[in-house]
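Hi everyone, thanks for coming. Let's take a few minutes to walk through one structure together.

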Amino acid sequence: MELRDIEILLTLVEELHFGRTAERLHITPSRVSQVISKQERRIGATLFDRTSRTVRLTPLGEQLVHDRQIMDGIEAARSAVRGTVGTLTLGTMGPLSLEIGGILDLFKARHPGARLQHREVQPPSPLERLRSGGVDVALLWLPIREPDLTVGRITHTSQVMLMVPATHLYAGRDSICLEDLADCVVVGGTSIPPYMEETLAPFHTPSGRPIRHAPKVSTWQEALTAVSSGQATAGVAAEAVQFYPWPSLAFVPIRDAAPCRWALVWRTAGETSLVRALAQAAADVVADSAGGGGGGDKRWAPMGGRGEGVAAQGHPGAERVPGRGSQAVAGQLQACSRLSYGGNRSTSWATVSSRARLPCTPIRRSAPPALSA
């Protein structure tokens with residue numbers, strides 16, 4: 001019996017309500033029902049009498065609850081997991097921790113004695129803080145092929161977009177293709193493996209035309225400023241549309257770019273019980289969100305071995321997971337805003353699919369006076 005299933009069973013015993021049980025554990029009521037039905041099939045009898053209005057323990061369910069040896073064993077297993085204490089430092093890029101809100105909520109609920117500390121990771125040097133020990137685990141885009149790093153389950157996927165100045169020629173397009181990047185100058189990172197940079201900012205188009213990378217930036221803020229001032233463009237994940245609605249920026253979908261996949265990554269030599277606990281929470285949330293919880297291995301085992309994120313193609317965990325404040329990117333990101341600058345009103349819409357690369361209308365806004373660096 002999986003530890004997650006034990007947790008669901010015990011919570012339902014306490015709540016006697018499928019909805020409240022699901023809410024406490026950040027899963028769906030159907031997932032609770034699946035787990036209970038599976039255990040009842042294994043036992044060969046029902047543990048709960050449920051109607052449309054009430055949920056009650058059956059005599060057999062009461063017997064299970066009052067069998068101290070069984071319940072003590074279950075509680076001991078749960079306490080062992082919840083006994084994980086200490087501080088875990090998580091590195092994310094800007095507000096991207098919101099994208100894994102469901103994972104973090106489950107981790108905190110399971111490990112109340114653990115303290116979660118957040119640190120900024122810079123996209124132009126995504127591995128720097130991880131390697132220096134500044135963070136214990138980081139939410140990064142894939143692939144990652146570093147022999148000293150372990151890649152966890154995919155937490156979510158994002159469409160790749162081109163961030164351009166609002167006055168750029170492409171700002172008026174519904175979408176562009178990778179071949180169009182040959183006519184752009186794209187910001188480059190200062191300390192980033194080329195194969196990682198390739199995901200968001202390729203070095204060549206599909207036909208082999210070179211894509212110029214300049215200027216080099218060391219922080220995300222520098223990238224935003226370089227683009228908004230008209231110096232360059234930048235390949236970004238779709239979440240930037242929601243989190244950085246600057247009036248001087250526009251976001252255009254790259255319709256033939258492969259989706260950007262995200263996962264938790266940590267130093268193999270620095271793996272701790274807290275890191276494993278967060279990885280397990282991620283695996284459980286991904287499994288629960290995949291097809292109503294029926295698919296996916298719920299153990300946190302890394303994808304494709306140590307330091308090999310590329311092996312995650314088609315992985316059962318490659319689905320969107322619930323998060324706080326960013327439900328729009330769960331299956332579709334819909335950003336809509338009406339902004340007024342100097343009397344000029346513009347309407348902006350974007351629909352970004354995390355599962356299919358469909359052309360859509362870019363975020364467009366009236367160009368204000370140039371921002372100062």
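A definition to begin: two strands pair if DSSP finds at least two bridges between them. Helices (H or I, at least four residues) and strands (E, at least two) are DSSP runs, numbered from the N terminus.

Some housekeeping. This is a predicted model, where local features need pLDDT of at least 70, side-chain atom pairs count only at pLDDT 80 or more, and totals for chains, interfaces and linings use all residues. Residues are numbered from 1 along each chain as its sequence is written, and side-chain values use heavy atoms, leaving out hydrogens and water.

Now, the open sheet: 3 strands in the order 10-7-11, with antiparallel pairing. Strand 10 (234-237) and strand 11 (249-253) are its edges, each pairing on one side only. Strand 7 (residues 160-165) is joined to strand 11 by 5 antiparallel bridges; Pro165, for instance, has Leu249 as its bridge partner in strand 11.

On to strand 8. Is it enclosed or open, and why? Of the 5 residues in strand 8 (residues 185-189), 4 are buried, so the rest of the structure largely encloses this strand. Buried here means under 20% relative accessible area, with a 1.4 Å probe and protein chains only. Strand 8 pairs with strand 9 (residues 212-217) in the parallel sense, over 4 bridges, and Gly188 has Lys216 as its bridge partner in strand 9.

Last, the largest nonpolar core: it has 79 residues, and Phe107, Leu140 and Leu264 are among those with the most contacts inside it. Such a core is a set of buried Ala, Val, Leu, Ile, Met, Phe, Trp, Tyr and Cys residues joined through side-chain atoms within 4.5 Å. Helix 11 (residues 273-289) gives this core its largest share, 8 residues.

How values were computed: Buried < 20%, exposed > 50% of the residue type's maximum accessible area, 1.4 Å probe, protein only.
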